[in-house]
Amino acid sequence: MKRFLQTICFIALMLFLVACNSEAAGTTEDGKTKIEYWHVNAETQGGQTVKQLVEDFNAQSETVEVVAKYNPDMYKGLMQNLQAEAAAGNAPAVVQVGWSFLNYFSDNFSYVSPQTVIEQHFPEDETFLQDKFLPNVLDLAKNSDGEQVGIPYSLSSPVLYINRDILREAGLDENGPQTWEEVKEFSKVIKEETGKYGFYFQEPADNWATQALLESNGAQFITDGKATFASEEGIEAYELLADMVLEDETALHIGWDQGVQSFIDGSVAMAYTTIAQRSNIQDNAQFDVAAVKSPAWEGKDVKLPAGGAMLTITAPNEKEQKAAWEFMRYLYSIESMAEWTKGTGYVPPRNDVADAENGLKTYLEENEMMTAAVEQMDGVVPWASFPGDAGLEAEQLLLDLRDQILGGSISVEEGLTSIEDKINELLND
Amino acid sequence: MSALAAVRKTLHLNRENAIGYGLLIPSIIIFAVFTFWPFLYTVYLSFFDWNMISPEKEFVGIRNYMEVLGDPRTYQIFGNTFLYIVILLAINCVVPYIFAFVIDIVLKRWNGFYKSALFLPAFISLVVGSILFTWILNPVSGPLAIVFGWIGLEIPNWTKSEGWVILVLSLITSWKVFGYNFILLYASINGISREIIESARLDNVPLWRIFFQIILPMSSATGIYVFILTIVQSLQYVFTPVKVVTQGGPDYASSNLIYHAYHEAFVVYRTGHSATLSIITMALFLILLFLYFKFVDRGIYYEN
């Protein structure tokens, strides 16, 4: 019995110690403020650079220690985790918020605008945002009320990766197709000449590339807070993709990881995916690989949603907010931005990084694949983000629709129209 | 005081079994905190409309139940769940039974090697297994597709086609579950008296009759345990590959009841629907459990 009581006491003591320990999580032993930074960068998508930047920051900072936390399943996954953590009352300090969640985030979570934190604690940085960023880039991070929710951090756009070896083998122009109509023709020729798949259109858990495809043809995802993608142009654009998958069988309908993997090992000739995949593709492809600008529709201008994310401050108290800006200022320095671009392929949001000697000047000269993304930045538009509580549900409906259309269980016209109605119903509730 | 006395009386609490009850308390507390309380809370949530973050929950009565039961997708997911159970019973209950029988009774050499080789995958995390298989089974450029290509076969595009996706996810799950079930059944068959089997062999009883008329009845206690376990696991373990590989897609064709409850709660944040689904799932399994005790349990041979 005595033995038993001893054991109970010991366990109670351990629990007590564990409880004490977790209370002290806000500060480290040497008095630094400890904050969490949430990101979505897997090892193949810049995760190593995140790790490097955080380590370097921690080494030089005397007041702040940052812990980086990876969130799987991209920005949607992060938003879900944040929802769970916010419900439990422990939000991280700095989070990456994907553009498509801009309004959802600002409606449902508590955050502080970076400029507010700067003005409160760092008067010397007061004009930092104004000086270093182009106004239209800063605008990407404003919500529908015109409030500056965060600061653009990762900027990307979709590009067309091409396998020049296969294009040459099929007797096609090795500079790749310029229009979507050509993409379809090229794919047909590739299938006939080489037996390989011509094209892969990225299918992650978001509708970003779909927006690029539809809006470049003149459709609008959202007009005045209403879903309007099922216009004539929208249907025409989606039909091209559906035809390639279902009728011509020249395009691959498969998960994102598997699709990119198939491009890298040479089973697919062209892949339409984000520039953020550049270093993964460049490092692993064993053939003559290139990235060309996003195809346009015959006679129309491209409209490419800005992909990537902004950094927002969700720290609950002033001490952590201060620490958050200190960390963010480090991430936005020319050197850190340059590292970020090198590691991920994101286009730098600051206007002075591309030409700076300590930035990307020599790097861009050596890496032609990046040029495509930098050159097409004039076609960049905000990522469509459905307003209100129904945002996530609307996004999910469009994802379900993609499986239905590309799986052949519903026609493009019927699918787009019915989902548009459904989303508008949701938005009205 | 009289209430306490009444409790003592109904529990037959006395000096001798006081320690027994005392020892039960820790597990009762754990059960209460991690099982009973969440269950009651789930019942509570199933009557509300809530997005998990807003401070207010809206009471909607039985509207969640009406919506869930009126949604054709719910029945599609019932169907999927049933299909998972059937496939996993075949792979993880029937096949290991036969393997255990063959390795213990029929084979004379390499038994130790087979035992460890078949159990080995049970050590590896299902997440790792799922990622590995997604790569190996890539229908266009995975190693298996290349090998199949040599002999002119094609792998179906399983992540995007109905039916196939359930079969392949079941296979991935089996990788983890098979070994454990196999070891359980092997131990049980191994415990059967050798004399019975040897005398049957002397009488030239064919192997299939040894299996069906000696092994199966004599190991039925473990057999039925593995059977039940497989049903429960086929609901729960399938969650991991579904989450990692398909997220329920294409268009819910690989979702099962457990994953769909997760999807409703943590992807689209309709906790009411999610809670309702969980309650319906539980009701279904209570019925199954009842049927089991009523019809199956009495036919089982328990050694002691």
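In helix 18 of chain A, A:E393, A:A394, A:L397, A:L398, A:L401, A:Q404 and A:I405 meet A:V412, A:G415, A:I419, A:K422, A:I423 and A:L426 of helix 19 of chain A. Being in contact here takes C-beta atoms, placed from the backbone, that lie within 7 Å. By class, that contact of helix 18 with helix 19 of chain A splits into 9 nonpolar, 2 polar and 2 charged residues. Ala, Val, Leu, Ile, Met, Phe, Trp, Tyr, Cys and Pro count as nonpolar, Asp, Glu, Lys and Arg as charged, and the others, Gly among them, as polar.

Keep in mind that this is a predicted model, where local features need pLDDT of at least 70 and side-chain atom pairs count only at pLDDT 80 or more, while totals for chains, interfaces and linings use all residues. Residues are numbered from 1 along each chain as its sequence is written, and chains are lettered from A and ligands numbered from 1 in the order in which they are written. Helices (H or I, at least four residues) and strands (E, at least two) are DSSP runs, numbered from the N terminus.

### Helices side by side

Axes are lines fitted to C-alpha atoms, for helices over the stretch in contact, and angles run from 0 to 180 degrees between N-to-C directions. Angles under 35 degrees count as roughly parallel, over 145 as roughly antiparallel, 65 to 115 as roughly perpendicular and the rest as oblique.

Chain B has two helix pairs to look at, and helix 8 of chain B is in both.

| Helix pair | Angle | Axes apart | Contact residues by class |
|---|---|---|---|
| Helix 4 (residues 72-106) and helix 8 (residues 164-190) of chain B | about 40° | 7 Å | 20 nonpolar, 7 polar, 1 charged |
| Helix 6 (residues 126-136) and helix 8 of chain B | about 140° | 10 Å | 4 nonpolar, 2 polar, 1 charged |

Given its angle of about 40°, helix 4 of chain B is oblique to helix 8 of chain B. Helix 6 of chain B, at about 140°, is oblique to helix 8 of chain B too.

Over in chain A, 5 strands make an open sheet in the order 2-1-3-13-4, with mixed pairing. Strands pair if DSSP finds at least two bridges between them. Strand 2 (64-70) and strand 4 (151-156) of chain A are at the edges with a single partner strand each, so one side of each has no neighbour in the sheet. On average, neighbouring strands of this sheet are turned by 25° against each other, direction ignored.

How buried is strand 13 of chain A? It's mostly covered, with 7 of its 7 residues buried. Buried means that 20 or more other C-beta atoms lie within 10 Å of a residue's own, exposed means 12 or fewer, and partly exposed is in between, with C-beta atoms placed from the backbone.

Strand 13 (residues 307-313) and strand 3 (residues 94-98) of chain A run antiparallel and are joined by 5 bridges. A:V94 sits opposite A:I313, and A:V95 has A:T312 as its bridge partner. Strand 4 of chain A also pairs with strand 13 of chain A in the antiparallel sense, over 5 bridges, with A:P152 opposite A:M310.

### The sheet around A:V292

Another open sheet of 5 strands in chain A has the order 9-6-10-5-11, again mixed. Strand 9 (251-252) and strand 11 of chain A are its edge strands, each pairing on one side only. Strand 11 of chain A pairs with strand 5 (residues 158-163) of chain A in the antiparallel sense over 4 bridges, and A:Y161 has A:A291 as its bridge partner. Helix 17 (residues 368-375) of chain A lies across strand 5 and strand 11 of chain A, at about 10° to strand 11.

A:V292 belongs to strand 11 (residues 289-292) of chain A. Why does A:V292 count as partly exposed? Because A:V292 has 19 C-beta neighbours inside 10 Å. Leaving out residues up to four places away in sequence, A:V292 touches A:V159, A:L160, A:I162, A:N175, A:G176 and A:A372.

### Where the chains meet

Finally, 18 residues of chain B are in contact with 25 residues of chain A. On the chain B side, they come as 8 nonpolar, 8 polar and 2 charged residues.

Technical notes. Two residues are in contact if their C-beta atoms, placed from the backbone, lie within 7 Å.
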